[in-house]
Amino acid sequence: MKLSWNSLKISIAGAKLSHLVQRDKIWDHGSMIEQVKNIFYKVKKTKANGYVEDLKKYLTSTCFEKLTKEMAQLNKDGKRWIIKNAMIKEIAVIEVSKRKNNKPDCFTALIKTIGIEFTTNKDETKELISYSDRVRIFSEEWSFVSQGEWWLLDRIE
């Protein structure tokens with residue numbers, strides 16, 4: 001078996017989750033993964049259509065502001081960001097942290113995806129001829145914080 005830093009982080013997070021879920025159902029692994037998937041596809045859709053308000057209830061205020069600024073910059077440049085055929089290949093919880101003092105419960109998920117990424121002018125309607133040079137494998141870490149019985153996206157790296 002090949003041991004990697006990510007697999008070690010996944011194992012540690014899994015062990016913590018098995019104990020945390022016994023005390024609080026918010027730590028249910030399956031529900032957390034589903035939340036990550038749902039928000040991932042909502043964020044990608046929003047980045048393509050540019051209407052950030054649709055995401056407000058899924059993001060912390062910090063994350064919402066950052067995404068709003070990012071989208072505003074693209075609009076200012078007359079561009080839009082598109083990722084076509086985005087497919088999640090794998091989601092793994094790599095870090096969990098129980099509420100402490102004023103910090104809420106949080107977790108970080110490693111999301112591995114594949115898709116076709118490009119930016120285009122907003123008015124451009126023609127399809128690109130070849131996507132083969134733009135197919136990319138993405139790996140991002142998304143951090144979530146709890147708010148009541150719900151997880152909100154707090155950071156994308």
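**Core and aromatic pairs of a predicted model**

In this predicted model, Phe40 has a relative accessibility of 0% and counts as buried.

Q: In what order do the elements of the protein chain run from the N terminus on?
A: The secondary structure of this chain comes to three helices and four strands. Read from the N terminus on, the elements run α-α-α-β-β-β-β.

Q: Which element gives the largest share of the largest nonpolar core?
A: This core has 31 residues, and Trp27, Val93, Phe107, Trp142, Phe144 and Leu153 touch the most other members. The elements giving two or more residues to the core are α1 (5-23), α2 (29-49), α3 (61-76), β1 (79-97), β2 (106-121), β3 (135-147) and β4 (150-156). The largest share, six residues, comes from α2.

Q: Which residues does Leu153 touch, not counting those up to four places away in sequence?
A: Leu153 is one of the core residues that touch the most other members. With residues up to four places away in sequence left out, the residues that Leu153 touches are Ile39, Val43, Tyr58, Leu59, Thr60, Cys63, Trp142, Ser143 and Phe144.

Q: Is Tyr41 buried, partly exposed or exposed?
A: Buried requires under 20% relative accessible area and exposed requires over 50%, with partly exposed in between. The relative accessible area of Tyr41 is 39%, so Tyr41 is partly exposed.

Q: Why is the pair of Phe40 and Tyr41 edge-to-face rather than stacked?
A: The structure holds five aromatic pairs. In the pair of Phe40 and Tyr41, the ring centres are 5.1 Å apart and the planes stand at 80 degrees. Planes over 60 degrees apart count as edge-to-face, so the pair of Phe40 and Tyr41 is edge-to-face.

Q: How many residues apart in sequence are the parts that the pair of Phe107 and Trp151 ties together?
A: Phe107 and Trp151 form an edge-to-face pair, at 4.8 Å centre to centre and 90 degrees between the planes. Phe107 lies in strand β2 and Trp151 in strand β4, so the parts tied together are apart in sequence by 44 residues.

Q: Are Phe107 and Trp151 buried or exposed?
A: Buried means under 20% relative accessible area. Phe107 has a relative accessibility of 1%, and Trp151 has 5%. Phe107 therefore counts as buried, and Trp151 likewise counts as buried.

Q: Which residues do ring pairs link into a cluster?
A: Phe107 and Trp151 form an aromatic pair. Ring pairs link these two residues into a cluster whose members are Trp27, Phe107, Phe144 and Trp151.

Definitions and conventions: Residues are numbered from 1 along each chain as its sequence is written. This is a predicted model: local features need pLDDT of at least 70, side-chain atom pairs count only at pLDDT 80 or more; totals for chains, interfaces and linings use all residues. Side-chain values use heavy atoms; hydrogens and water are left out. A nonpolar core is a set of buried Ala, Val, Leu, Ile, Met, Phe, Trp, Tyr and Cys residues joined through side-chain atoms within 4.5 Å. Buried means under 20% relative accessible area, exposed over 50%, partly exposed in between (1.4 Å probe, protein chains only). Contact means heavy atoms within 4.5 Å. Rings of Phe, Tyr and Trp (its six-membered ring) pair if their centres lie within 6.5 Å; planes under 30 degrees apart count as stacked, over 60 as edge-to-face and the rest as tilted.
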